[in-house]
Amino acid sequence: MANVNLIIDGKQISAPEGQTILNAALDNGIYIPHLCSHENLHPTGSCRMCVVEQQGVEGVVTSCITKVQEGMVINTKGETAEAIRKLSCDFMFKTHPAECTGCPKFGKCQLQSLSQYVGDTGRKLKANTISVKADETNPIILHEMYRCILCGRCVRVCEEVRGVGAIKFEKVDGRERVVIDGDSLKDANCRFCTACVEVCPTGSIREHKELAEKLIGKTREEGFVPCRYGCPAHIDVPRYIRFIKEGNYPAASAVVREKVPFPHSLGYICVHNCEMECKHQELNEAISIRNLKRYAVEHDDDSWKANTFHKSPTGKKAAIIGGGPTGLTAAYYLAKLGHSVTVFDAGEKLGGQLRYGIPGYRLPREVLDREIEEILAAGDITVKTQTRIENAPKLLEEGYDVVFVALGTHSGSKLPMKGNDLKGVQVNAAFLREFEEGCASVGKKVVVLGGGNVAIDCAGAAKRLGAEEIHMACLEAYDAMTASDEERAWALEEGVVLHNKKTFLEILDDGNGNVDGVKIQGIKSFYFDENRKSHLELEEGSEEVLPADTVIFAVGQRPEISMDPADFGLELTHGNYIATHGDSGETSVPGVFAAGDAVTGTQSVIKGIAFAREAVIAMDRYLGGDGDIEEKLAPDQVRDPHIGVIEGFGDLKREEPIVVPVPERIVNYKTCGPMDQGFDDERAAREARRCLQCDLRCDLAPQKFWGDYAKSGEEA
Amino acid sequence: MKTMEADVVVIGGGPSGLSATAQAAENGMDVVLLEKANVVGGAANMGMGPLGIGTKQQSDMMVDIDVERAFKKFVEYTHWRTDARLVKKYFENSGETIKWLEETVGVEFAGAYKYFPKSDATWHIVAVNGGIGRNGGAIMNKHLAEYAEENGAKILFETPAKKILKDDEGKVCGVLAVDKDGEEVQVNCKAVIVATGGAGDNPEMIKERTGYIFHGNMFNFAIPGLKGDGIRMAMEAGAATTPMNVEMMYILPNSDFGPDCIPSVFMQPNLMVNQLGKRFINEEEMQNTTFCGNAISFQKGAVGYSIIDSRIAKQYMKKGVDVVNFVHHPEDVADFQEAVEASIANDNPDVVMADTIEELAQKLGIDPEALEDQVDEYNEMCESRDTLFYKDPKFMKPIEKAPFYAAKFRPGAYGTLGGIKIDEDAKVLDDNWDPVPGLFACGTDTCTIYGDSYMFLLPGNTMGYCVNTGRFAGDSAADYVNDLED
């Protein structure tokens with residue numbers, strides 16, 4: 001496009017034909033105040049803040065709707081223009097409160113900034129405030145329309161950009177106002193994308209307080225897209241959900257693979273921190289992100305493999321201790337980076353907790369085996385199973401250039417209490433390992449002590465081994481249990497009886513050295529103090545006995561190494577966890593890195609993977625590489641801002657997965673397939689539609705202030 | 001992480017930080033100002049102007065005030081519970097600072113004014129459109145920012161400082177901040193000036209340091225971002241701390257963004273009672289927002305009820321209110337009745353209307369008999385004189401005609417005061433009262449000159465203190481940097 005020449009404030013400017021005077025000025029570091037104008041919206045020329053004087057033209061021209069022309073001479077600071085701006089500012093303050101006190105937008109308000117710039121803090125005209133209550137009844141979005149200056153940016157972004165039209169201008173009692181087009185935002189088919197919040201120049205339309213507080217200290221990307229930020233590996237959730245909606249499942253799967261090498265397993269068992277951050281919870285329930293991920297991976301065509309990176313061999317050797325999700329993630333990326341990798345694992349097969357901690361009825365072994373196979377094919381990886389490494393730094397002496405410790409926590413512990421050595425007492429880690437190996441057994445009446453996901457797995461495994469009565473007792477109240485809602489619900493379905501807020505007094509002896517029951521007592525409160533010491537307050541007279549022939553401790557697991565740091569060769573912490581510095585997993589010995597449960601205590605597969613990625617970056621740099629493991633496996637995605645109307649969008653219910661019913665999943669657990677069957681096509685399609693597409697907000701231009709332009713002008 | 005170099009880093013871009021930046025830049029320093037918000041000015045964008053003593057404006061308007069008289073008045077008022085050297089230096093320089101703002105920085109003043117009759121005309125109102133308007137502080141702040149930039153200072157918006165860095169010798173050597181993209185920025189420098197404006201938006205710090213409970217017995221302006229960052233960072237860097245206080249006033253917590261007629265009418269010197277139904281103040285003192293705030297916070301439940309009847313309301317709606325001040329000065333309050341009804345319809349808990357005193361008492365949670373007794377006694381005194389608190393008879397208007405109106409005033413504050421110990425040159429002192437090398441502070445983070453109550457008799461004090469100590473800090477930091485280089 002041709003350029004035209006013009007003069008603004010004495011400065012010779014060349015601007016593309018068709019550009020407005022306002023944009024030409026801003027592009028050239030000349031600030032003209034403007035308010036109703038917004039980079040993503042069509043100009044309306046209504047606020048009159050951007051008026052300028054043009055040589056040879058009577059009065060003023062509105063710079064946001066007037067195009068540049070050859071030979072134009074513009075004066076942005078003329079007296080008439082400035083007088084009109086001040087008057088416009090006064091008009092905005094006719095409806096806006098005269099005082100900024102109590103406004104949460106103070107310091108980030110465009111009206112405040114603008115009035116400061118034009119030197120008119122308003123209030124010259126008689127105030128005519130809009131008397132309307134604050135409306136906190138809608139989810140996510142808060143309306144305090146008594147602050148509205150009727151610039152219409154919210155109405156325009158909702159209509160023009162989003163194609164939704166949930167808010168509109170309307171005359172109420174003879175006064176023009178911005179109102180919801182319906183009884184509530186849900187009723188108006190709002191998509192809750194928060195574009196209106198993003199463009200509102202004043203404090204009129206905002207997020208609810210708790211949501212606004214979550215944004216503090218975060219970047220726009222982090223704050224606006226909480227699911228992605230909440231995922232320890234920062235998987236780009238809205239991007240893959242959009243691909244699913246578009247029917248491009250391989251692309252969706254590729255997005256997941258950009259950050260994790262176990263997408264399918266995670267689709268079964270991930271603890272989904274993303275869902276806990278999902279803003280849809282404000283409407284009803286979170287998006288079922290994990291099931292969508294699993295559905296996408298199940299419909300993958302491996303096209304991502306064409307885009308994955310493989311660097312040429314570096315000649316460096318890496319040893320990995322532990323073949324669980326953390327160790328294998330490190331192996332995968334280190335091999336792709338061109339290093340020669342050896343994985344040592346004490347078990348018979350690779351997989352770590354994925355195999356020996358999570359029962360097969362939850363995670364099918366063919367899924368796990370296929371993913372491990374894929375990882376091992378990523379490069380030069382040698383596997384040495386049934387090989388226990390007694391001392392980590394020794395591997396450096398044996399010729400490895402770097403050592404990564406990802407031992408996991410495979411040693412269960414018993415609480416120090418009377419009867420904990422009786423026949424019939426088992427421990428979580430060993431019990432689940434035996435369950436996997438097919439040699440576990442329980443009696444008829446089982447008591448599981450503990451309230452986490454591992455405890456639920458122990459209860460479920462016991463049920464499948466034929467236990468008739470299963471009780472679970474834990475310190476936590478029902479709502480404070482660390483087990484996920486879903487798993488807890490499944491356990492209840494299977495007949496497990498929960499005993500919350502109980503402490504365990506002793507395991508009773510039947511007189512022959514066998515377990516006869518567990519004596520428990522109710523507690524009023526318990527907490528950990530700053531020294532991680534637990535404090536209990538008991539409820540008088542609430543002792544009871546749970547009859548049992550089997551007791552399974554599920555009260556935490558620890559690394560399978562000696563408490564003496566000299567043995568394993570690394571500095572330890574909190575007993576026998578491995579001490580590391582910073583996020584990169586450096587240990588006390590240079591060249592030895594560590595991550596995963598053996599460092600953090602038992603956490604989750606996704607955290608192990610995320611920490612492994614961080615450690616790989618550090619290890620590659622340590623080996624002389626650039627540490628770059630970012631990859632773009634999915635094709636480009638166009639984020640269509642025009643999301644349109646979906647009738648009843650705000651009330652769309654979360655899709656539940658297909659679950660094999662009880663007793664089928666108990667009786668035939670070896671043959672019925674995974675108990676959680678995930679989504680079928682219809683469920684996946686319906687669920688993907690529910691996503692709020694929070695990431696679209698990032699595409700709207702951030703609000704700018706006069707100080708921003710002054711600076712960019714300087715740089716230009 | 002990005003790194004930058006500067007001679008002086010200023011943390012916070014309100015009037016104190018801007019003045020410090022402008023002064024240091026004027027003295028030849030390379031200055032970087034770190035501001036959390038998108039706008040310069042901080043809380044002072046709601047203010048109207050700084051104190052000045054011995055100015056052209058005062059002589060033009062024949063105002064009789066000089067440094068000696070102001071100083072004596074000030075130390076009397078504070079019972080010498082103040083840093084007298086700092087106060088003296090501040091007052092002494094305040095006149096020149098007004099001149100500097102006007103002639104060098106380019107700020108236009110409308111003149112020097114009193115806030116209320118008993119005060120002195122020390123308040124230099126920044127002109128808005130050439131005259132008296134609201135929030136001229138915002139305009140002054142913009143001029144200060146532009147003047148600082150003209151002198152080479154860089155202002156980084158949305159870049160909150162996180163930590164003050166010190167070298168091995170214990171000298172300040174930089175500031176760690178985070179920019180708007182979440183990236184860490186380290187600005188290496190020789191001196192740091194802290195000017196973050198107190199902790200008005202930090203209920204925990206307010207409770208810990210002043211004992212007030214935010215939205216319990218204290219309804220201060222919680223200007224977003226005033227978290228006490230500077231106080232925390234300075235203490236981490238070795239600063240001694242000072243007792244903290246609030247800048248007391250009183251407020252209708254839910255009515256500030258509504259029509260001005262509501263606070264204007266209810267702040268008139270009519271009947272004010274406490275939860276026991278008893279008067280507790282000479283209502284003329286309602287013009288002194290500090291004294292009235294103190295008195296309210298002294299009452300049961302920290303609440304004061306201002307009561308009028310419909311005869312008073314009608315008179316105000318027709319002829320205007322009895323007394324006005326610079327903040328509440330509506331041209332007329334003809335919309336009072338309408339505004340009260342709208343407030344009640346919008347569930348604004350500040351305002352109550354009733355057909356009898358008994359009903360009014362019930363709505364306010366006061367024992368009806370006690371309130372009726374008080375109203376009777378008050379009405380009797382309207383016919384003679386106020387033998388309880390000696391209010392001027394012209395403000396003694398009986399409460400007789402239904403409907404009756406009441407508003408619930410609560411203690412408020414502009415923000416917090418104090419926290420960082422400085423000397424009269426704005427050098428930050430440690431527990432031994434030795435300067436922390438390279439560390440300076442100014443403005444509200446350091447303002448403990450008022451003793452127990454804000455000095456309202458010399459209006460413009462807070463902004464005046466900020467601008468003047470800001471300049472002291474800018475000067476001292478420049479001297480310090482120059483000395484290092486010698």
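## Contacts and ground rules

Two residues are in contact here when their C-beta atoms, placed from the backbone, lie within 7 Å. With that in hand, look at chain B: of its contacts between residues at least 6 apart in sequence, 74% join residues at least 24 apart.

A word on what you're looking at: this is a predicted model, where local features need pLDDT of at least 70, side-chain atom pairs count only at pLDDT 80 or more, and totals for chains, interfaces and linings use all residues. Residues are numbered from 1 along each chain as its sequence is written, while chains are lettered from A and ligands numbered from 1 in the order in which they are written.

The predictor's confidence in each residue is its pLDDT, running from 0 to 100. Chain A averages 93 on that scale, and 98% of its residues score at least 70.

## Domains of chain A

Domain bounds come from an automatic or database domain assignment. For chain A that gives domain 1 (222-306 + 655-689), domain 2 (314-410 + 559-622) and domain 3 (411-558).

Helices (H or I, at least four residues) and strands (E, at least two) are DSSP runs, numbered from the N terminus.

## A look at A:I149

A:I149 sits in the loop between β6 (141-143) and α4 (153-161) of chain A. A residue is buried if 20 or more other C-beta atoms lie within 10 Å of its own, exposed if 12 or fewer, and partly exposed in between. A:I149 counts as buried because it has 24 C-beta neighbours inside 10 Å. Skipping neighbours within four places in sequence, its contacts are A:M92, A:T95, A:H96, A:L111 and A:T202.

## Chain B and its helix α10

Chain B has 14 helices and 18 strands, and 58% of its 486 residues count as buried. Its C-alpha atoms fill a box of roughly 75 × 45 × 40 Å along the principal axes.

Helix α10 (residues 310-319) of chain B has B:I312, B:A313 and B:Y316 as its buried residues. They lie on the same side of α10(B), because they cover an arc of only 100° around the axis, the arc being that of the directions from the helix axis to the C-beta atoms. Elements covering them include α8 (261-266), β14 (304-309), α11 (336-345) and β16 (404-417) of chain B. The face turned away from the buried side carries the exposed residues B:K318 and B:K319. Just after α10(B), B:G320 takes a positive phi of about 95°.

## Where the chains meet

The contact takes 34 residues from chain A and 34 residues from chain B. On the chain A side, α3 (110-118) and α26 (706-715) each supply at least two residues, and α3(A) has the largest share, five residues. That side of chain A has nine nonpolar, 13 polar and twelve charged residues.

Technical notes: Ala, Val, Leu, Ile, Met, Phe, Trp, Tyr, Cys and Pro count as nonpolar, Asp, Glu, Lys and Arg as charged, and the others, Gly among them, as polar.
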